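Dear colleague,

Please find the structure below, together with its sequence. My notes on what was found in it follow directly after.

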Amino acid sequence: MRARTLYILSGLCLLSLVSIVFALSIGSMEIGLQQVLNALFSDQQLLESRVVLELRLPRVIAGFMVGGMLALAGCLMQVLLRNPLAEPYVLGVSGGASVFALLVMMAGLTGIWINIGAFTGALISILLVFGLTRMGQNWNPMRVLLTGVVVAAGWSALISFLLAVSPATQIYNMLFWLMGDLGYARFSGFSLVVLLVCLGASLFMARSLNLLTYGDQQAAVLGVPVNQLRYGIYFLASLLTATAVMQAGSIGFIGLIIPHLIRIALGSDHRLLIPASVLTGGCLLIIADSLARTIIAPQQLPVGVLTAIIGVPVFLALFQVIVFKQKP
Amino acid sequence: MTLLSATSVSISIGNKLICRGLNFELSQGQRWGVLGGNGVGKTTLLKYLAGLLPPEHGKLEIHGKPLTVWNRKALARELGVLFQDSQDTFPTTVMETALSGRHPYLPFWSFEGETEIAIAGQALADVAMAGMEDRQIHTLSGGERRRLAIATLIVQNPRIWLLDEPTNHLDLHHQIVLLELIIRKVTAVQGALLMVLHDVNLVSRFCTHAMLMIDSQTIICGPIHDVVTRTNLERLYRHPIRHIQDNGIGYFFPE
């Protein structure tokens, strides 16, 4: 089992590198693979090299991390709520982030302030849901889910309200942000630390997560400290989502389908599911972003549109295969 | 030797009192059968005995240490539970489920190796599920799931076994074969078991002691022949009972 996991993960690492190089070579300026490699490893003074290193690389790396964070948060949320429909935004994290980001935009602030606003909003929403569900006692996934969904609906109403009262000149930017876009994303040490710490912590509890899918009580009698584990999962997933939303708005779909995709293809063992989801989520997001930048160039699409356009058919096709295979 | 002890334990669920001042000891080699009407709190009692909830009053201890103080992983090596039903939200295989019983014995970031797979394979063979290792658990029948849960408990290999209606979903043959198997496994580790059953005759056939949960004030504990009597059972089920002797063994049937 260990050997299989290592083989698959090495394969996915390779795939990630290929995706990154591919994403670096795509854009309004044609840059060949040769030149990308050139820029990365030797000559860094050419114009092409500077485009690759200064414009594209930060966005691609940030995109990869955002994709990874969303996929990981999705895995964790699905186990936490024991619900296959759970995804990173289901408990209202992105709603809270969006409301505050829009408020910042309305105030006329730009750049880093939008990120800070989004992160603040996400944290407020996380704590609100945590407090409302009194997560410590009497845990019931359905109650947490309902509370989160209702909070999310509240945020969503506020978003509509803010859009309705905003001046027309700002609406375009706001909608773009809401749909999820890597235009604001910059490589940041903070995201890297969040991703690595959360990935490490999730891998550390991976076998406990496997047990949690059999139910709280079954997990507890097999030796899992269920309450502590739940707090851990909730805060890890929330931190990941908040960081991802801060970087890139609410990019949909990755957090929902990547974990399912990996489960269908590779099984439900979290020791493989978690790292594989991070890598695949990263790949999907940067490929989608490359396409979003170029398909109707010089105009750019929000990457959230592309993740869905790629994700929906791939997921449905795989799902059909599985259903077909399982027929008796 | 006492494995699990309850000292003046009071338990309630919601506003309903389950028991008050319960004293009882589960000792090495003992097999307890718990009998009681629907909703009297048999499953709830089992959850407290498993340390899933702290009792309101009194002490529940293993080796003189309160259950709620035990590290869960260490406790899982001492005590295992078979619940009434199992959940499965995400696809997993029979083998993966059986291997989950090894969790308390493995360090956190560690994969199950040859040893673990051999142990799980043997347990699956014990419950007549060899060859089904790669089946998805949602394709199993109710009885097969039950046998898989028992196999997982065999893999876990604790000394104290708490079983909530182990014969649920099992056909007549498997009821007997699996109860005999469970008793062999418990005896092998010099352990003890406590099981909730609805079949009085299975209790008198397989248990050494019985606990009759008549109501929260009246819980009768003791050796099987002292406790499982026609009078007590009639009081327990509020139903007339007939006692039939066959080959020197007594059987109880509802009138």
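In chain B, Ile62(B) stands opposite Lys65(B), a residue of strand β5(B). Please note that this is a predicted model. The two strands concerned are β4(B), which covers residues 57–62, and β5(B); they pair in the antiparallel sense over 2 bridges.

Both belong to an open sheet of 4 strands in chain B, with the order β2-β1-β4-β5 and antiparallel pairing. Its edge strands are β2 (16–27) and β5 (65–66) of chain B, each of which pairs on one side only. Helix α1(B), residues 42–49, lies across β1 (2–13), β2 and β4 of chain B, and runs at about 130° to β1(B).

Chain B also touches chain A: 25 residues of chain B are in contact with 23 residues of chain A. Which elements give two or more residues to the side of chain A that touches chain B? They are α8 (189–204), α9 (206–212) and α10 (216–221) of chain A. The largest share, 4 residues, comes from α10(A). By type, the residues on this side of chain A divide into 11 nonpolar, 7 polar and 5 charged.

Within chain A, helix α4(A) (residues 93–106) and helix α11(A) (residues 226–248) have axes that come within 10 Å and cross at roughly 35°. The crossing is right-handed. Here Val93(A), Ser94(A) and Ala97(A) of α4(A) meet Ser238(A), Thr241(A), Ala242(A), Val245(A) and Met246(A) of α11(A). The residues of this contact divide into 5 nonpolar, 3 polar and no charged.

With kind regards

Definitions and conventions. Residues numbered from 1 in each chain as written. Chains lettered and ligands numbered in written order. Predicted model: local features only at pLDDT ≥ 70, side-chain atom pairs only at ≥ 80, totals over all residues. Pairing = 2+ DSSP bridges. Contact = placed C-beta atoms within 7 Å. Axes fitted to C-alpha atoms, helices over the stretch in contact; angles between N-to-C directions. Nonpolar A, V, L, I, M, F, W, Y, C, P; charged D, E, K, R; others polar. Left-handed = near helix turned anticlockwise from the far one by under 90°.
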